[in-house]
Amino acid sequence: MPYPDTVGISFTEAMRGQLDKAGGGKLPFVFRLDLRIPSMNKFRDATAHVATVVGGTITWNGTAHPVTGGFVHMFDKAGSKTRVFDYQFTWDMPAGETRMEAIKTLHDDHGPDLLADLSQVRATVTRSGDLLATGRLGVSIGDLLSQLTTITVLGTTVPKVKSEATNDFFAFMNDQLQQV
């Protein structure tokens with residue numbers, strides 16, 4: 001449905017788990033990213049579907065730190081039946097700016113595992129090029145339910161436009177998932 005290019009979407013995405021420290025041991029880790037798509041029309045029609053990280057927190061070994069920026073490429077094509085989410089974001093710690101790169105891979109491997117694909121990322125944490133931690137993070141059921149309630153339409157107060165943009169966002173997601 002046509003609506004102004006100023007109508008966008010915001011939502012929160014969260015993952016948690018334990019990463020393996022580069023020097024040995026486990027690191028409890030949580031990220032909660034506030035994501036923004038400034039224009040749903042442009043996002044939907046673009047070759048690269050990018051959401052901007054506009055805030056959030058990471059919890060590193062029990063201590064929360066504000067996220068300072070980044071992006072998430074959503075549904076990048078990596079083959080005929082494979083899509084990739086590429087997360088890149090930073091936060092400040094007393095030892096300096098720290099960076100996470102994480103990949104979520106959705107692929108058709110002839111099994112009912114789409115939920116598993118959607119709920120895990122393979123993550124790498126670095127600072128100044130030095131490896132700090134790696135591993136997998138996952139979404140909890142509580143986080144998933146919370147994420148669904150955070151979807152907000154931006155740039156309009158018109159109920160019909162809000163409804164159309166929300167439906168468009170879910171239709172886009174569904175279409176992309178059908179291609180996997």
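Predicted model: local features only at pLDDT ≥ 70, side-chain atom pairs only at ≥ 80, totals over all residues.
Q: How many helices and strands does the secondary structure of the protein chain come to?
A: Both are DSSP runs numbered from the N terminus, with helices (H or I) needing at least four residues and strands (E) at least two. Starting at the N terminus, the elements go β-β-α-β-β-β-β-α-β-β-α-β-α. The tally is four helices and nine strands.

Q: Among contacts between residues at least 6 apart in sequence, what percentage joins residues at least 24 apart?
A: A contact here means heavy atoms within 4.5 Å. Take the contacts in the protein chain whose residues are at least 6 apart, then pick those at least 24 apart, and you get 52%.

Q: How many bridges join strand 7 to strand 8?
A: Strand 7 (residues 120-127) and strand 8 (residues 130-138) run antiparallel, and strands pair if DSSP finds at least two bridges between them. The two form a hairpin with two residues between them, and Ser128 in the turn has a positive phi of about 50 degrees. The number of bridges is eight.

Q: What type of aromatic pair do Phe31 and Phe89 form?
A: Rings of Phe, Tyr and Trp (its six-membered ring) pair if their centres lie within 6.5 Å, with planes under 30 degrees apart counting as stacked, over 60 as edge-to-face and the rest as tilted. That rule gives 10 aromatic pairs. Phe31 and Phe89 are 5.2 Å apart centre to centre, with 65 degrees between the planes, making the pair edge-to-face.

Q: Phe31 lies in strand 2 and Phe89 in strand 5; how many residues apart in sequence are the parts they tie together?
A: Phe31 is buried at 0% relative accessible area, and Phe89 is buried at 0% as well. Strand 2 covers residues 26-37 and strand 5 covers residues 82-93, so the pair ties together parts whose separation is 58 residues.

Q: How are the rings of Trp60 and Trp91 arranged in their aromatic pair?
A: Their centres are 6.3 Å apart and the planes make 50 degrees, so under the ring rule the pair is tilted. Trp60 sits in strand 3 (residues 49-60) and Trp91 in strand 5, 31 residues apart. Trp60 counts as buried at 16%, and so does Trp91 at 0%. The arrangement, then, is tilted.

Q: The charged end of which residue sits over the ring of Phe85?
A: Phe85 belongs to one aromatic cluster with Phe29, Phe31, Trp60, Tyr87, Phe89 and Trp91. A charge sits over a ring if NZ of Lys or CZ of Arg is within 6 Å of the ring centre and within 35 degrees of the ring normal. Lying 4.8 Å from the centre of the Phe85 ring is the charged end of Lys104.

Q: Which residue forms a salt bridge with Arg16?
A: A salt bridge is a side-chain nitrogen of Lys or Arg within 4 Å of a carboxyl oxygen of Asp or Glu, and the count comes to eight. For Arg16, the closest N and O atoms are 2.8 Å apart, and the partner is Asp143.

Q: Asp143 lies in helix 3 and Arg16 in strand 1; how far apart in sequence are the parts this pair ties together?
A: Helix 3 covers residues 141-149 and strand 1 residues 8-21. Asp143 is buried, at 6% relative accessible area. The parts tied together are separated in sequence by 127 residues.

Key
Residues numbered from 1 in each chain as written. Heavy atoms only, no water. Buried < 20%, exposed > 50% of the residue type's maximum accessible area, 1.4 Å probe, protein only.
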